[in-house]
Amino acid sequence: MGDYLKNKVAVVTGSGRGIGRAHAIALAAEGAKVVVNDPGVERDGSGGMQTPADNVVAIIRENGGEATADYHSVANFTDAESLVGTAVDTYGRLDILVNNAGVSRDGLFHQITEEDFEMVVGVHLKGTFNTCRQAVPGMMKQGYGRIINTASSQWRNPEGRAAYAAAKGAIVSLTWDLAFELRNYGITVNAVAPMAQTRAFENYTHPQMLADAGLTAKKAGDELTGDRPSGEHVSPIVVYLASDLSSDVTGLIFRSGSGKVGLYTHPSEVRTINKDWRVKGKWTVEELSKLIPASLLLDGHKAPFIP
């Protein structure tokens with residue numbers, strides 16, 4: 001067992017299965033005391049059971065680590081308070097928060113329902129807000145904290161999952177804001193966009209759904225294959241970001257999995273046109289119709305993620 005996280009206390013949401021499971025086991029292997037949070041729901045958020053969280057706790061303990069199970073739903077603000085309370089009541093503090101919990105509702109935008117949208121955004125985005133909001137005051141008080149949120153390539157490369165892409169994009173923005181606000185409290189906030197084989201790819205019908213709609217997805221070459229390793233290949237960067245090795249790393253969005261670790265750039269303006277509005281007033285539609293194609297859209301008018 002390593003000691004990069006010795007005496008640290010971590011909460012990992014959605015850690016009963018998949019990538020979160022790998023994170024919880026990896027953090028524990030480096031000495032962290034881990035709260036394994038998972039309500040045991042199905043991919044779509046239905047059902048619930050304690051077995052997934054209990055199984056991970058058993059694995060950690062069998063390997064000499066410390067862990068306790070928690071079954072609260074991060075989508076509920078009060079439940080998130082109880083989750084943070086589990087860490088504090090059991091181990092005395094909370095040092096590391098890994099927001100990994102998520103659900104999936106398949107369907108193109110015109111096919112999903114209001115309930116689908118609320119479920120996906122509620123778990124991914126509001127769940128991340130809920131746990132951060134409950135954890136941050138204690139971290140500020142102790143002058144220390146590590147928050148690692150889970151983003152997705154869908155943030156910068158949407159491909160027919162409107163609710164999921166919206167939630168993940170918002171998590172990226174939330175990550176940047178928290179990093180800005182908390183930088184003077186010894187708290188780092190980063191996000192990881194994982195690439196791993198999970199149960200989300202079981203009975204995977206999304207590519208056919210896109211094809212039926214006459215749509216193709218533009219993916220990076222190393223993301224086209226379904227031959228992906230499991231979440232264990234994502235977890236090393238989570239351990240790194242949770243440790244004191246990364247005390248000066250904050251506000252960054254990483255890509256990790258399948259042997260790759262990448263860093264996303266922050267969005268920035270790439271071209272501008274300007275006029276002195278004090279003298280010449282606002283732009284006219286006629287001016288824009290001439291100048292935008294001739295200047296801002298020199299490389300073509302398609303969004304970069306549209307093939």
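Modeller: Burial first: buried means under 20% relative accessible area, exposed means over 50%, and partly exposed is in between, with a 1.4 Å probe and protein chains only. This is a predicted model, so local features need pLDDT of at least 70 and side-chain atom pairs count only at pLDDT 80 or more, while totals for chains, interfaces and linings use all residues. Residues are numbered from 1 along each chain as its sequence is written, and side-chain values use heavy atoms, with hydrogens and water left out.

Colleague: How are helices assigned?

Modeller: Helices (H or I, at least four residues) and strands (E, at least two) are DSSP runs, numbered from the N terminus. The protein chain has nine helices and eight strands.

Colleague: Back to rings. What is the geometry between W155 and Y264?

Modeller: W155 and Y264 are edge-to-face, 5.0 Å centre to centre and 85 degrees between the planes. W155 is in the loop between β5 (145–150) and α5 (162–182), and Y264 is in the loop between β8 (260–263) and α8 (277–280), 109 residues apart. W155 is buried at 18%, and Y264 is buried at 17%. W155, W176 and Y264 form one aromatic cluster.

Colleague: Which ring does the charged end of K275 sit over?

Modeller: The ring of W283, with the charged end of K275 at 5.0 Å from its centre. The rule is NZ of Lys or CZ of Arg within 6 Å of the ring centre and within 35 degrees of the ring normal. K8 also lies over a ring face, that of Y144, at 4.0 Å from the ring centre.

Colleague: Which side chain does K275 meet in a salt bridge?

Modeller: That of E287, at 3.1 Å, N to O. A salt bridge here is a side-chain nitrogen of Lys or Arg within 4 Å of a carboxyl oxygen of Asp or Glu. E287 is in helix α9 (residues 285–296) and K275 in the loop between β8 and α8, 12 residues apart. K275 is buried, with a relative accessible area of 19%, whereas E287 is partly exposed at 28%.

Colleague: How many salt bridges in the whole structure?

Modeller: Five. Among them, R93 and D95 have their closest N and O atoms 2.7 Å apart. D95 is buried at 1% relative accessibility, and R93 is partly exposed at 31%. Another is R105 with D116, also with closest N and O atoms 2.7 Å apart. R105 lies in the loop between β4 (96–99) and α4 and D116 in helix α4, so this pair ties together parts that are 11 residues apart in sequence.

Colleague: Last one: what share of the chain is buried?

Modeller: Of the 307 residues, 44% count as buried. The C-alpha atoms fill a box of roughly 70 × 45 × 35 Å along the principal axes.

How values were computed
Phe/Tyr/Trp six-rings, centres within 6.5 Å; stacked < 30°, edge-to-face > 60°.
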